[in-house]
Amino acid sequence: GVMTDDAIADSGDRMYESNLVKGMGNEAYAKANRATGQARARKLREAAELYGRAHGVDPDNVAVLTNRAAVHMALGRFGDAANDCRLAVETADRVKADAKLKARAYERMG
């Protein structure tokens, strides 16, 4: 359907806020990759939670799902990773995301 100016502004705000939270998740993920043991697991869990929050703000954000899938893989949560990949592909189709994002979702699915 046709989006009103308010709806477009609202979706822009959601995207912006979602990407801010995704950035925090990316930072936690980067720190996890420099850490070991419990510190690494803690940072990975923090990244997964932040990506989840980013997805809650903007359910159309495909990248947060592929990022969270990578974190799930690192935590050995393979079922959760597969679910996020599936959801990422469905979301990419729904929002007509570019092929590269969709390919990344398939790639993470392994």
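# Briefing: helix packing and salt bridges

Thr-66 is found in helix H3. The model is predicted. Thr-66 counts as buried, because its relative accessibility is 0% and the limit for buried is under 20%. Helix H3 packs against H4 with axes that come within 8 Å. H4 in turn meets H5, their axes coming within 9 Å. The salt bridges number five, and three of them are described below.

**Around Thr-66**

- Leaving out residues up to four places away in sequence, Thr-66 touches Ala-88, Leu-101, Arg-104, Ala-105 and Arg-108.
- Ala-88 is also one of the H4 residues that meet H3.
- Ala-105 and Arg-108 are among the H5 residues in the contact with H4.

**H3 against H4**

- The axes of H3 and H4 cross at roughly 165°.
- The two helices are therefore roughly antiparallel to each other, since angles over 145 degrees fall in that class.
- The crossing of H3 and H4 is left-handed.
- H3 contributes Val-62, Leu-65, Thr-66, Arg-68, Ala-69, His-72 and Met-73.
- H4 contributes Phe-78, Asp-80, Ala-81, Asp-84, Cys-85, Leu-87, Ala-88, Thr-91, Ala-92 and Val-95.
- By class, the contact of H3 with H4 holds 11 nonpolar, three polar and three charged residues.

**H4 against H5**

- H4 spans residues 78–95 and H5 spans residues 99–109.
- Their axes cross at roughly 165°, which means that H4 runs roughly antiparallel to H5.
- The crossing of H4 and H5 is left-handed.
- On the H4 side, the contact is made by Cys-85, Arg-86, Ala-88, Val-89, Ala-92 and Asp-93.
- On the H5 side, the residues are Lys-102, Ala-105, Tyr-106, Arg-108 and Met-109.
- The contact of H4 with H5 has seven nonpolar and four charged residues, and no polar ones.
- Cys-85, Ala-88 and Ala-92 of H4 take part in the contact with H5, and these residues also meet H3.

- Arg-68 and Asp-84 join their side chains in a salt bridge, at 2.6 Å from N to O.
- Arg-68 lies in H3 and Asp-84 in H4, so the bridge ties together parts 16 residues apart in sequence.
- Arg-68 counts as buried, at 18% relative accessibility.
- Asp-84 is buried too, with a relative accessible area of 4%.
- Both residues are listed in the contact of H3 with H4.

- Asp-60 forms a salt bridge with Arg-94, and their closest N and O atoms are 2.7 Å apart.
- The pair links distant parts of the chain, 34 residues apart.
- Asp-60 sits in the loop between helix H2 (37–57) and helix H3 (62–74), while Arg-94 belongs to H4.
- Asp-60 is partly exposed, with a relative accessible area of 34%.

- Asp-10 forms a salt bridge with Arg-14, the closest N and O atoms lying 2.8 Å apart.
- Both residues are in helix H1 (residues 5–34), four residues apart, so about one helical turn separates them.
- Asp-10 counts as partly exposed, at 41% relative accessibility.
- Arg-14 is partly exposed as well, with a relative accessible area of 28%.

Terms used. Residues numbered from 1 in each chain as written. Predicted model: local features only at pLDDT ≥ 70, side-chain atom pairs only at ≥ 80, totals over all residues. Heavy atoms only, no water. Axes fitted to C-alpha atoms, helices over the stretch in contact; angles between N-to-C directions. Parallel < 35°, antiparallel > 145°, perpendicular 65-115°, else oblique. Left-handed = near helix turned anticlockwise from the far one by under 90°. Contact = heavy atoms within 4.5 Å. Nonpolar A, V, L, I, M, F, W, Y, C, P; charged D, E, K, R; others polar. Salt bridge = Lys/Arg side-chain N within 4 Å of Asp/Glu carboxyl O. Buried < 20%, exposed > 50% of the residue type's maximum accessible area, 1.4 Å probe, protein only.
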